[in-house]
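Open your viewer and get ready to select a few pieces one after another. At each stop, take a moment to turn the view before reading on.

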Amino acid sequence: MREKLEMLKKRAQEELTGCSSLEVLNDFRVKYMGKKGELTQILRGMGQLSSEERPIIGQLANEIRDSLEASLSKVLQNVKIKEIEQRLSHESIDVTMPGVAPNLGRRHPLELVLNRIEEIFVGMGYTIEEGPEIELDYYNFEALNIPKDHPARDMQDSFYITKDVLLRTQTSPVQARTMEKMRPNLPIKIIVPGKVYRRDDDATHSPMFHQVEGLVIDENIRFSDLKGTLLSFAQQMFGSERNIRLRPSFFPFTEPSAEVDVSCGVCGGAGCRTCKHTGWLEILGSGIVHPRVLEMGGYDPEKVSGFAFGMGVERITMLKYDLDDMRLLFENDIRFLHQF
Ligand code: DAH
């Protein structure tokens, strides 16, 4: 056994001096010290030795292994240095070559506008609420005074998951959710940013888009509060020279209801292509919260009142940056996104 080990040591040392590449060195390690390597095999066979021999041979084997390891790492070091020297001798670095410019990302225009909307309303004392995108029919319609089979449901062709569960078609359900959560406390003064889904798809409609809902409930909230709030919003968003106008409209959850337009920023209200020669651009829907909605939310319509509004973030973004196709916002074309 001792002889066998001594011979192995001699043979291995000789072999090692002839190794001149990383590959061959790796083979060497496997051949002698690997799992099935020669030295490993010998160490495994030690169980058959007598108890006097075992420690002596064991020590010898360990010494041989350590010395082989040490030689191996020395040779390895030399080979590595040689390889680097060789590469340096025929490779060179041209320090005058232009570098690779890192590609910096930017905020998406929708995010810029959404952040600005939030900033404006937070500045007026609103807090931000959120709600689920997969919503119960009850909150999306029923609690907003849109009963089953009501024709107003047809305004929002919907993605249903089951009979009672759908992708929300508007952020308005968070009005009902917030009233349930807050009652009987006052005031409620929230905006609700979020994604909504409808079966629409053309230059001005996308099956997924973003809305910001607003809801204020307190004692003595009046229509003039709504109008003042929206005028302030429009001027902060689009510029202090802009004006708004309210047109009578219908929403099941507000009464009275109004569609709100902002004066055209391209022609200043005189009429041009952007505003289709009306001088006005529609930006949102709004109204005084319907007494039935207050009641279902757990508030007494005799004692409190409120206003609500809902705007499309894509639409506001298109107006702000004068875009003519909503799909630009979802195509992820860097040439477009780089302009904001
Ligand atoms: N939810 C409406 C829609 O998606 C927008 C809206 C209109 C929201 C009037 C309101 C509101 O809160 O008062 O078309």
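Keep in mind that you are looking at a predicted model. Which residues of α2 are buried? Select them in the viewer: Leu25, Phe28, Tyr32 and Met33. Now look down the axis of α2: the buried residues fall within an arc of 80°, so they line one face of the helix.

Next, show what surrounds them. The cover over the buried residues of α2 includes α1 (2-17), α3 (38-44) and α4 (53-90). Then turn to the face directed away from the buried side, where you will find the exposed residues Glu23, Asp27 and Val30.

Show side chains to see who makes the contact: Phe233, Met237 and Phe238 from α8, with Ile316, Leu319 and Lys320 from α10. Of these contact residues, five are nonpolar, none is polar and one is charged.

Stay with α10 and colour its buried residues: Val313, Glu314, Ile316, Thr317 and Met318. Their packing partners are α5 (109-123), β5 (208-218), α8, β8 (280-289) and β9 (305-312).

For the last stop, select Asp322, which follows α10 and has a positive phi, near 55°.

How values were computed: Residues numbered from 1 in each chain as written. Predicted model: local features only at pLDDT ≥ 70, side-chain atom pairs only at ≥ 80, totals over all residues. Heavy atoms only, no water. Contact = heavy atoms within 4.5 Å. Helix = DSSP H or I, 4+ residues; strand = E, 2+ residues; numbered from the N terminus. Nonpolar A, V, L, I, M, F, W, Y, C, P; charged D, E, K, R; others polar. Buried < 20%, exposed > 50% of the residue type's maximum accessible area, 1.4 Å probe, protein only. Arc of directions from axis to C-beta.
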